[in-house]
Amino acid sequence: MSSSLAISSSSLVFPTNGNAILFNAISSCRISSLKPPSLNSIFITIPCGSFKKASFFTSSRPFSPVMEWQDCTAKMEIDVPASVAYKCYSDREAIPNWMPFISSVQVLEDKPDLSRWSLKYKAFGRDIEYSWLARNMQPIPNQKIHWRSLEGLPNRGAVRFYPKGPSSCLIELTVSYEVPQLLAPVASALQPFLENLLKSGLDRFAKYAKSSGSTR
């Protein structure tokens with residue numbers, strides 16, 4: 001024999017593992033039992049003020065945002081053939097000679113496609129230092145050099161060489177990187193700042209390549 005219970009239009013019923021929980025927004029708390037042959041359902045009436053949202057809305061776990069990636073590009077026409085510019089830029093260990101924020105590049109002897117990079121620069125009131133291991137991807141001779149990091153500071157990039165005549169070329173340098181946590185507060189200023197550094201580096205490279213080309 002089962003008992004019956006009238007449910008107002010403002011009540012909500014949620015089944016849970018064979019039990020049904022009734023939330024009534026206007027009644028005081030009471031419990032009654034229904035016992036059908038194959039189901040034992042318990043109805044609990046809870047005042048409106050006691051009803052709370054599910055726990056996944058009120059989780060205390062810290063929010064982990066997706067880190068921001070930025071792209072920087074610099075272009076410059078230089079007075080050396082594309083083949084000379086390509087050969088100079090292929091010498092990774094020489095890059096600190098013209099790129100102001102790169103302090104060292106070391107090519108691994110047993111794996112020449114890999115190289116370890118160190119960055120040191122003072123900016124935004126901080127001494128910035130990062131390092132990473134990079135792999136040079138398959139190049140296109142006299143046209144493209146590109147790489148991506150394997151560990152350390154996440155970054156990737158490419159240098160493209162466009163002939164503009166027998167003795168000049170256009171260089172396009174693109175660098176993409178994940179904004180480090182330390183620099184997240186100045187992320188909006190970081191991109192134009194780095195693009196200026198890349199342009200400064202290409203200006204130095206133009207002089208370096210022209211000097212190297214004249215001695216070959």
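The count of disulfides comes to 0, a disulfide being a pair of cysteine sulfur atoms within 2.5 Å. Cys88 is in no disulfide, and the nearest cysteine sulfur, that of Cys169, is 9.9 Å away. Cys88 is buried at a relative accessible area of 2%, and Cys169 is buried at 0%; buried means under 20% relative accessible area, exposed over 50% and partly exposed in between, with a 1.4 Å probe and protein chains only.

This is a predicted model, in which local features need pLDDT of at least 70 and side-chain atom pairs count only at pLDDT 80 or more, while totals for chains, interfaces and linings use all residues. Residues are numbered from 1 along each chain as its sequence is written, and side-chain values use heavy atoms, leaving out hydrogens and water.

The whole structure holds 9 aromatic pairs (ring centres within 6.5 Å, taking the six-membered ring of Trp; planes under 30 degrees apart are stacked, over 60 edge-to-face, the rest tilted). Trp98 and Phe205 pair edge-to-face, at 4.8 Å centre to centre and 65° between the planes. Trp98 lies in the loop between helix H1 (82–90) and strand S6 (102–107) and Phe205 in helix H2, so the pair ties together parts 107 residues apart in sequence. Trp98 is buried at 0%, as is Phe205 at 0%.

Tyr86, Tyr89, Trp98, Phe161, Phe205 and Tyr208 form one aromatic cluster.

Methods: Helices (H or I, at least four residues) and strands (E, at least two) are DSSP runs, numbered from the N terminus.
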